[in-house]
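This report describes selected features of one protein model, taking up sheet pairing, helix packing, aromatic contacts and backbone geometry in turn. The sequence and the structure are shown first.

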Amino acid sequence: MTGGSNVSEAASLSCVKCGKPANLQCPKCMELKLPREDAAFCTQDCFKASWGSHKSVHLKAKLASLGAGNPGEQNSVAVNEGWLYCLRKGQARTPKIPHFDWTGTLRPYPISSKRIIPAHVDQPDWAIDGIPKVEPNSDLQHVVEIKTPDQIERMRETSRIAREVLDAAARIIQPGITTDEIDRVVHEATIAAGGYPSPLNYHFFPKSCCTSVNEVICHGIPDARKLEDGDIVNVDVTVYYKGVHGDLNETFFVGNVDEESKRLVQCTYECLEKAISIVKPGMRFREVGEVINRHATMSGFSVVKSYCGHGIGELFHCAPNIPHYGRNKAVGVMKAGQTFTIEPMINAGVWRDRMWPDGWTAVTADGKRSAQFEHTLLVTETGVEVLTARLPTSPDVFPWLNAA
């Protein structure tokens with residue numbers, strides 16, 4: 001805290017805290033060249049008492065200046081109050097891009113404030129404080145649940161909504177659209193259907209879906225970056241409705257994409273389809289990884305080992321864990337009435353991943369591209385039902401489906 005440089009001018013100012021004549025100025029405000037009348041205090045005591053609220057003036061000034069930074073610092077985005085970089089798995093924000101040894105060309109951008117959930121929407125137990133209560137301690141983390149007919153019917157309904165929400169997102173994907181806009185569409189479409197976007201505030205995840213661009217493997221956070229011609233982007237949607245979850249994702253082309261990326265995305269789609277084709281009662285869970293690994297490696301790609309498919313139902317994540325790589329040690333066999341996801345993540349380069357400073361975004365260790373597809377599945381007496389299957393109304397975005 002320092003005195004003002006012009007005593008006569010300072011003497012005419014009033015204390016921000018108590019209104020008395022003030023001749024002290026906040027040094028940070030002076031550094032940021034903020035208006036003197038908002039930075040004047042009569043005593044150190046008034047300054048200290050006001051600090052909790054007064055420091056927000058500095059943050060707003062910094063945010064306003066972000067738009068004037070150079071593009072290399074990712075400050076060219078128009079930033080207003082609420083647009084900040086994410087840290088600590090969603091529990092912290094910062095106005096500056098974090099320091100990190102980035103593996104590829106992608107960088108994080110600021111994220112918008114949390115979207116609102118109407119009071120009438122049924123919410124999972126993490127919606128308010130970010131902490132799942134039932135899921136971590138459930139017996140279903142160790143035992144694979146056989147769903148009741150009522151649960152299965154609710155999962156069909158919820159998975160159908162999730163599919164329609166993902167389709168709505170797919171329709172807006174084009175160069176110039178931000179991933180935050182994709183998140184808005186997902187959020188609004190989910191709410192319109194009466195559902196809750198399951199990722200929102202799950203272990204503090206700040207958005208309603210995951211958007212994973214180029215070298216991002218999974219759990220990318222929607223932000224202010226505009227999609228560019230030649231990008232690939234995965235959109236991962238989960239809906240909570242009538243007490244159950246439905247989960248799926250697809251990887252989309254943005255404009256004109258290079259041939260290698262096209263081949264990667266199609267191979268990933270085929271990996272999922274081949275895995276689904278073996279699902280039936282009596283099949284070992286470990287076989288899923290063998291099928292996926294065989295097709296990916298034959299195509300010259302690698303399979304991510306750090307993330308796997310999972311059981312789903314009234315819990316977002318539960319048993320079984322389903323690895324997508326070969327020679328895995330998954331235990332158990334499939335039984336009619338089980339529901340789970342298969343969601344292979346296939347990399348153009350090495351399989352290893354690294355975590356961004358936000359604590360969520362997993363990227364390829366070599367900066368090369370990654371693709372993913374996911375469905376929620378029901379094991380039936382005779383095979384499998386894809387609960388999140390494409391609909392006749394789903395957008396026509398995958399060229400290889402037309403060639404079939």
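This is a predicted model: local features need pLDDT of at least 70, side-chain atom pairs count only at pLDDT 80 or more; totals for chains, interfaces and linings use all residues.

Leaving aside residues up to four places away in sequence, threonine 268 touches Pro344, Ile346, Ala371, Gln372 and Phe373.

## Packing of H4 against H5

Two packed helices are described by the angle between their axes and the distance between the axes. For helix H4 (residues 149-172) and helix H5 (residues 179-192), the axes come within 9 Å and cross at roughly 150°, and the crossing in which H4 passes H5 is right-handed. On the H4 side the contact is made by Val165, Ala168, Ala169 and Ile172, and on the H5 side by Glu181, Ile182, Val185, Val186, Ala189 and Thr190. Eight of the residues in this contact of H4 with H5 are nonpolar, one is polar and one is charged.

## Aromatic pairs

The structure holds 14 aromatic pairs. One of them joins phenylalanine 253 and tryptophan 400 in an edge-to-face arrangement, with 6.3 Å from centre to centre and 85° between the planes. Because phenylalanine 253 lies in strand S12 (residues 244-253) and tryptophan 400 in helix H8 (residues 399-403), the pair ties together parts that are 147 residues apart in sequence. Phenylalanine 253 counts as buried at 18% relative accessibility, and tryptophan 400 is buried as well, with a relative accessible area of 12%.

Tyrosine 269 and phenylalanine 398 form an aromatic pair that is tilted, at 5.9 Å centre to centre and with 45° between the planes. Tyrosine 269 lies in helix H6, whereas phenylalanine 398 lies in the loop between strand S22 (384-386) and H8, so this pair ties together parts that are 129 residues apart in sequence. Both tyrosine 269 and phenylalanine 398 are buried. Ring pairs link these residues into a cluster that consists of Phe252, Phe253, Tyr269, Phe373, Phe398 and Trp400; within this cluster, Phe373 is also one of the residues that threonine 268 touches.

## Backbone geometry

Most residues other than glycine have a negative phi, and most peptide bonds are trans. Against this background, the peptide bond from alanine 319 to proline 320 is cis, with omega near 5°, and proline 320 lies in strand S15, which covers residues 318-322.

Arginine 88 has a positive phi of about 50° although it is not a glycine. Arginine 88 is placed in the loop between strand S6 (85-87) and strand S7 (92-94), and is exposed, with a relative accessible area of 52%. Histidine 219, likewise a residue other than glycine, has a positive phi near 65°. Histidine 219 is found in the loop between strand S10 (216-218) and strand S11 (232-241), and with a relative accessible area of 26% this histidine 219 is partly exposed.

Terms used. Residues are numbered from 1 along each chain as its sequence is written. Side-chain values use heavy atoms; hydrogens and water are left out. Contact means heavy atoms within 4.5 Å. Axes are lines fitted to C-alpha atoms, for helices over the stretch in contact, and angles run from 0 to 180 degrees between N-to-C directions. Helices (H or I, at least four residues) and strands (E, at least two) are DSSP runs, numbered from the N terminus. A crossing is left-handed if the near helix is turned anticlockwise from the far one by less than a right angle, and right-handed if clockwise. Ala, Val, Leu, Ile, Met, Phe, Trp, Tyr, Cys and Pro count as nonpolar, Asp, Glu, Lys and Arg as charged, and the others, Gly among them, as polar. Rings of Phe, Tyr and Trp (its six-membered ring) pair if their centres lie within 6.5 Å; planes under 30 degrees apart count as stacked, over 60 as edge-to-face and the rest as tilted. Buried means under 20% relative accessible area, exposed over 50%, partly exposed in between (1.4 Å probe, protein chains only).
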